[in-house]
Amino acid sequence: MSREKTGREKVIRVCGIEPESIVDGPGFRYVLFVQGCPHHCHGCHNPESWAFDAGTDMTVGEIFDQIMENPNLRGVTFSGGEPFEQADALLELAKLCKGAGLTVMSYSGYTLDELEARHDPATDEILSLLDMLVDGRYDESLRNLTLVYCGSENQRVIDMNRTRKARAAGDHGMVVPYKSSYDIEIKI
Ligand code: SF4
């Protein structure tokens, strides 16, 4: 008889891992490139991540244990591929990472508004845990090499902690851009 997988047993389809990056968010970060992306942006830097039937399966527990081996890490970044196509398993990893005191950042080809419009519990819970979200598809016509943490001008680097705080104070549609390239708030 099959049973439902627990958090650590859930499987993430992985395209690649960068165990210590300084270009995918603030500080030293473990970057998980997930496999599978429906957006197919023209000029995508990682088209090998598009196929949903490629890549390697890893459990949440395996990935988290790798992360815990490096005491220098400040946080974890979900990149792609499209992380929110694997929201259920990534939520478990995000919970473990936050519990270990790490910041969590995610890229998504979906905008924040599109993610919220899904009304998907796992998506909503990831959004409630994220410190930073870089949202929107890559638009080659808006490419700008001077941008920090994103590639085209339509994409937003969002400070999710300050966004939640502003919304809790009544500013419902507020999206607060991430300002500092050096520090982010961890607590709401
Ligand atoms: S969302 Fe990201 S990974 Fe997906 S096609 Fe666009 S640039 Fe590539």
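Visitor: In S6, which residue is the bridge partner of Ser106?

Guide: Ser106 has Leu133 as its bridge partner there. Before we go on, please note that this is a predicted model, in which local features need pLDDT of at least 70 and side-chain atom pairs count only at pLDDT 80 or more, while totals for chains, interfaces and linings use all residues. Residues are numbered from 1 along each chain as its sequence is written.

Visitor: How do you know that S5 and S6 pair, and in which sense do they run?

Guide: Two strands pair if DSSP finds at least two bridges between them. S5 and S6 are joined by four bridges, so they meet that cut-off, and they run parallel. On its other partner, S7 (residues 156-159), S6 also has four bridges, but here the sense is antiparallel. Leu133 takes part in this pairing too, with Ile158 as its bridge partner in S7.

Visitor: What makes something a strand or a helix, and how many of each are there?

Guide: Both are DSSP runs numbered from the N terminus: helices are H or I with at least four residues, and strands are E with at least two. By that rule the protein chain has five helices and seven strands. Their order from the N terminus is β-β-β-α-β-α-β-α-α-β-β-α.

Visitor: Why is the chain called as compact as a globular protein of its length?

Guide: The radius of gyration, taken over C-alpha atoms, is set against a globule rule of 2.2 Å times the number of residues to the power 0.38. For 188 residues the rule gives 16 Å, and the radius of gyration of the protein chain is 16 Å, so the chain is as compact as a globular protein of that length. Along the principal axes, the C-alpha trace spans about 50 × 35 × 35 Å.

Visitor: What makes S4 mostly covered?

Guide: Burial is a count of other C-beta atoms within 10 Å of a residue's own, with C-beta atoms placed from the backbone: 20 or more is buried, 12 or fewer is exposed, and in between is partly exposed. In S4 (residues 75-79), five of the five residues are buried. Gly75, Thr77 and Ser79 point one way, and Val76 and Phe78 the other way. In a regular strand the side chains alternate between the two faces of the sheet. S6 (residues 132-135) is covered on both faces as well, with Met132 and Val134 on one side and Leu133 and Asp135 on the other. Over the protein chain, 37% of the 188 residues are buried.

Visitor: Which strands does S4 run parallel to?

Guide: Five bridges join S4 to S2 (residues 29-34), and four join S4 to S5 (residues 103-108). Phe33 stands opposite Ser79, and Val76 opposite Val104.

Visitor: Why is the unit of S4, H2 and S5 called right-handed?

Guide: The test is to view the strands pointing away from you: a crossover is right-handed if the path from the first strand over the helix to the second runs clockwise. S4, H2 (residues 87-99) and S5 make a β-α-β unit with that hand.

Visitor: Is Asp24 buried or exposed?

Guide: Asp24, in the loop between S1 and S2, has 20 other C-beta atoms within 10 Å, so it counts as buried. Its contacts (C-beta atoms, placed from the backbone, within 7 Å) include Arg29, Val31, Thr77 and Ser79, leaving out residues up to four places away in sequence. Pro26 is in that loop too, and with 21 C-beta neighbours inside 10 Å, Pro26 is also buried.

Visitor: How do you know that His119 is exposed?

Guide: His119 has 8 other C-beta atoms within 10 Å, so the count puts it in the exposed class. Tyr149, in the loop between S6 and S7, has 17 and is therefore partly exposed.

Visitor: What makes the backbone at His119 and Tyr149 worth a look?

Guide: Most residues other than glycine have a negative phi, and most peptide bonds are trans. Phi is positive at His119, near 55°, and at Tyr149, about 70°. The peptide bond from Gly80 to Gly81 is cis, with omega near -5°.

Definitions and conventions
Contact = placed C-beta atoms within 7 Å.
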